[in-house]
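Please keep the sequence and the structure at hand while reading.

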Amino acid sequence: MEIGIKFFKTIYDEDIIYHYTKASTAIDYILNNNELLFRQARKSNDPIESKKADRRISYSGAEVDRVTTKQQFQDENELNSFVENMEERFHQICFCQNRMGEDFASENYISTFAGNEELFGFTKLRMWDQYADNFSGVCIAFSKQKILSQNSEKFELIESDVTYLSFQDLLMKKPGDIQANHLAKIGKEKYKEQLEKSVKESFFYKHVDYAGETEYRIGTLYDKEKCSFEIIRGEYFFDKSMKLDITGCVKAIFVSSFANDRQKNDLLEFAKKYDVEIVEMDWQYNSFIPMDFKDLTEFMKDFQKDIERI
């Protein structure tokens, strides 16, 4: 009942991205509503991503002794507020990717999934542990290009692979103090363009310790006009949550063997509805077996009928 090599060759593609989550979240929200929720980056557990910068106005050389005019003071503080506003408003959705560059999917390459597990974005144990409910949840595969194309009109999307850096590189690359000398040299508008580019790039920096995640992010700046209507505990909200439309974007569902039967059956129904494969990650003491859950379910039904006939 293991799933065939054709499936793995199909999803070994740059277009495929993977999102880990709890089974209940996948069932009740993502697959049921065809939506993925943007979350504020500032709410990350990683302090390098979430901690507010202690950013100041920095002077050097002749600028130290020069009397700051009212306009200079306003420009300096405007730029500081501009950067802080972008960092505060940035919301994101995180995915993993395949490790591309191998001949695995080539028609002329005789390949097996065994021995190539680490090429795929759904086999990351840290992600199953931290984001998929301690190995009891779900990983959903999506088409990246389809998500981007059907959401680009509603949102000004900021998307990129994550770049993994050392602590020293993070110190050098993440936007620091507003440089008064540079502002005086190039002017406010040019400096603002440079800062915007630098801040957007910084949204995709993480420490090198996370490099195994091969992360990709889709982000946007919070805009209440882009929020979805929702009812939470009987209250109406119009400006709380921004959500990506994922209609038709699901390419496969991976469910942990530790999920309960009801969750597996619900996910099976969604797999049938969307006409995609559902793979059970049958965890073993030394690896896992990728089981074709549709075929496995049909086999168990037929087996039960045979038992009842006896």
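Helices α2 and α11 are roughly parallel to each other, because their axes cross at roughly 30 degrees and angles under 35 degrees count as roughly parallel. The model is a predicted one.

**Helices α2 and α11**

- Helix α2 spans residues 23-33 and helix α11 spans residues 261-274, and their axes come within 10 Å.
- The crossing in which α2 passes α11 is left-handed.
- On the α2 side, the residues that meet α11 are A23, S24, A26, I27, L31 and N32.
- On the α11 side, the partners are Q263, D266, L267, F270 and Y274.
- Sorted by class, this contact of α2 with α11 comprises seven nonpolar, three polar and one charged residues.

**Helices α5 and α10**

- Helix α5 (residues 70-89) packs with helix α10 (residues 188-202) at an angle of about 20 degrees, and the axes are 10 Å apart.
- That angle makes α5 roughly parallel to α10, since the limit for this description is under 35 degrees.
- Here α5 passes α10 in a right-handed crossing.
- From α5, the contact draws on D75, E78, L79, F82, V83, M86 and E87.
- From α10, the contact draws on K188, Y191, K192, L195, E196, V199 and K200.
- The contact of α5 with α10 contains seven nonpolar and seven charged residues, and no polar ones.

**The largest pocket**

- The volume of the largest pocket is about 1500 Å³.
- Its lining is made up of 45 residues, of which H19, L37, F38, R39 and Q92 are the closest to the centre of the pocket.
- Strand β5 (residues 90-97) contributes six residues, the largest share of this lining.
- The lining of the largest pocket includes 19 nonpolar, 11 polar and 15 charged residues.

**The second largest pocket**

- The second largest pocket has a volume of about 500 Å³.
- It is lined by 23 residues, and those closest to its centre are P47, I48, E49, K51 and K174.
- At least two residues of this lining come from each of α3 (47-50), β5 and α8 (167-173).
- The classes represented in the lining of the second largest pocket are 11 nonpolar, three polar and nine charged residues.

Terms used:
Residues are numbered from 1 along each chain as its sequence is written. This is a predicted model: local features need pLDDT of at least 70, side-chain atom pairs count only at pLDDT 80 or more; totals for chains, interfaces and linings use all residues. Side-chain values use heavy atoms; hydrogens and water are left out. On a 1 Å grid over the protein atoms alone, a cavity is a set of points where a 1.4 Å probe fits but cannot get out, and a pocket is an open set with protein on both sides within 12 Å along at least five of seven lines; lining residues have an atom within 4 Å of a point. Grid points are joined across faces, edges and corners, and a volume is the space filled by probe spheres set on the points. Helices (H or I, at least four residues) and strands (E, at least two) are DSSP runs, numbered from the N terminus. Ala, Val, Leu, Ile, Met, Phe, Trp, Tyr, Cys and Pro count as nonpolar, Asp, Glu, Lys and Arg as charged, and the others, Gly among them, as polar. Axes are lines fitted to C-alpha atoms, for helices over the stretch in contact, and angles run from 0 to 180 degrees between N-to-C directions. Angles under 35 degrees count as roughly parallel, over 145 as roughly antiparallel, 65 to 115 as roughly perpendicular and the rest as oblique. A crossing is left-handed if the near helix is turned anticlockwise from the far one by less than a right angle, and right-handed if clockwise. Contact means heavy atoms within 4.5 Å.
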